[in-house]
Amino acid sequence: MADSLTVESQPSGAAAPRRPGAIILARHGEPAISRKIWINAEGYRQFWAKYEVLGILPGQIPPQALVSFVAEAGLVFSSTRQRSIETAIALTQGRAFDSDAIFVEAPLPPPNLPGFIRLTPSIWGFLARVWWWFLNHHEGEETRRQAESRADRAAERLIASAEEGHDVVLLAHGFFNFMIGRALRQRGWQVVMSEGYKYWSMRRFERP
């Protein structure tokens with residue numbers, strides 16, 4: 001007699017695999033510091049030091065779409081920078097959120113151009129990012145490789161939360177959110193909605 005083969009079928013009442021929630025990466029509100037100045041490299045170091053400790057400009061009204069995403073999210077995260085925390089406070093309206101240094105912005109040390117060269121903070125920020133990203137100019141701060149490793153860990157943390165089945169919102173910083181987004185895409189997540197990288201903007205990632 002031929003051997004019989006028994007195939008175990010899935011119980012009809014078994015639950016389907018849980019689909020992960022979405023991950024929303026949002027940038028903080030406008031900081032309480034003016035960029036309408038002309039400064040040299042040392043002046044930009046001082047500007048960035050102030051930028052890193054200040055909160056957001058009072059009186060801002062968060063976009064309603066972002067308010068809705070935060071209200072519906074299962075978990076909300078922020079970085080430990082004041083501008084990120086105040087953004088989270090404005091959006092969560094008394095609800096608890098998780099603040100963690102793993103989400104802080106990547107450093108922005110300016111290139112050592114001659115002191116007579118004076119530029120706006122926005123231009124200095126662009127140059128600093130180019131020098132940091134392509135030329136490994138870090139002045140003893142976090143390097144690009146180190147920041148990429150941190151972005152990987154941040155992405156894994158957000159994914160672990162989303163895999164519990166609820167949407168997750170991170171209220172953090174423009175460039176480091178970009179780096180986390182790269183890490184998410186490398187792990188198969190896709191951008192399904194993007195508002196760019198301006199203040200209060202958000203990008204929504206989902207896993208197919």
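# Exercises on a predicted model

E1 gives three residues to the lining of the largest cavity, the most of any element.

## Exercise 1. The cavity

Determine how many cavities of 30 Å³ or more the whole structure holds, and describe the lining of the largest cavity.

Solution. 

Step 1. The space in the largest cavity comes to about 50 Å³.

Step 2. The lining of this largest cavity consists of Leu-25, Ala-26, Arg-27, Gly-174, Asn-177, Gly-196, Tyr-197, Ser-201, Met-202 and Arg-203.

Step 3. Two or more lining residues come from each of E1, helix H6 (174-186) and E6.

Step 4. By residue class, the lining of the largest cavity contains four nonpolar, four polar and two charged residues.

## Exercise 2. The sheet

State the order of the six strands in the open sheet, and explain why one side of E3 and one side of E5 have no neighbour in the sheet.

Solution. 

Step 1. The six strands of the open sheet follow the order E3-E2-E4-E1-E6-E5, and their pairing is mixed.

Step 2. Strand E3 (98-99) and strand E5 (190-194) are at the edges and have a single partner strand each, so one side of each lacks a neighbour in the sheet.

Step 3. Helix H2 (residues 64-72) packs on this sheet and touches E1, strand E2 (75-78), E4, E5 and strand E6 (202-206). The direction of H2 makes about 40 degrees with that of E6.

Step 4. Individual pairs can now be examined. Strand E1 (residues 23-27) is paired with strand E4 (residues 168-172) in the parallel sense, over five bridges. Within this sheet, Ala-26 is opposite Leu-171 in E4.

Step 5. E2 and E4 run parallel and are joined by four bridges. Val-76 has Val-169 as its bridge partner in E4.

Step 6. E2 also runs parallel to E3, with two bridges joining them. Here Phe-77 is opposite Asp-98 in E3.

## Exercise 3. Two helix contacts

Find at what angle the axes of H1 and H4 cross, and which residues make the contact of H4 with H6.

Solution. 

Step 1. Two packed helices are described by the angle between their axes and the distance between the axes.

Step 2. For helix H1 (residues 41-53) and helix H4 (residues 121-135), the axes come within 10 Å and cross at roughly 95 degrees. H1 is therefore roughly perpendicular to H4, since angles of 65 to 115 degrees count as roughly perpendicular.

Step 3. H1 contributes Ala-41, Tyr-44 and Phe-47 to this contact, and H4 contributes Pro-121, Trp-124 and Gly-125. The residues of the contact of H1 with H4 comprise five nonpolar, one polar and no charged.

Step 4. The axes of H4 and H6 come within 13 Å, with a crossing angle of roughly 35 degrees. On the H4 side the contact is made by Arg-129, Trp-132 and Trp-133, and on the H6 side by Phe-175, Phe-178, Met-179 and Arg-182.

Step 5. The residues of the contact of H4 with H6 comprise five nonpolar, no polar and two charged.

## Exercise 4. The largest pocket

Solution. 

Step 1. At least two lining residues are supplied by each of H1, H4 and H6.

Step 2. Sorted by class, the lining of the largest pocket has eleven nonpolar, four polar and five charged residues.

Notes
Residues numbered from 1 in each chain as written. Predicted model: local features only at pLDDT ≥ 70, side-chain atom pairs only at ≥ 80, totals over all residues. Heavy atoms only, no water. Pairing = 2+ DSSP bridges. Contact = heavy atoms within 4.5 Å. Axes fitted to C-alpha atoms, helices over the stretch in contact; angles between N-to-C directions. 1 Å grid on protein atoms, 1.4 Å probe; cavity = no way out; pocket = protein on both sides within 12 Å on 5 of 7 lines; lining within 4 Å. Points joined across faces, edges and corners; volume = space filled by probe spheres on them. Nonpolar A, V, L, I, M, F, W, Y, C, P; charged D, E, K, R; others polar. Parallel < 35°, antiparallel > 145°, perpendicular 65-115°, else oblique.
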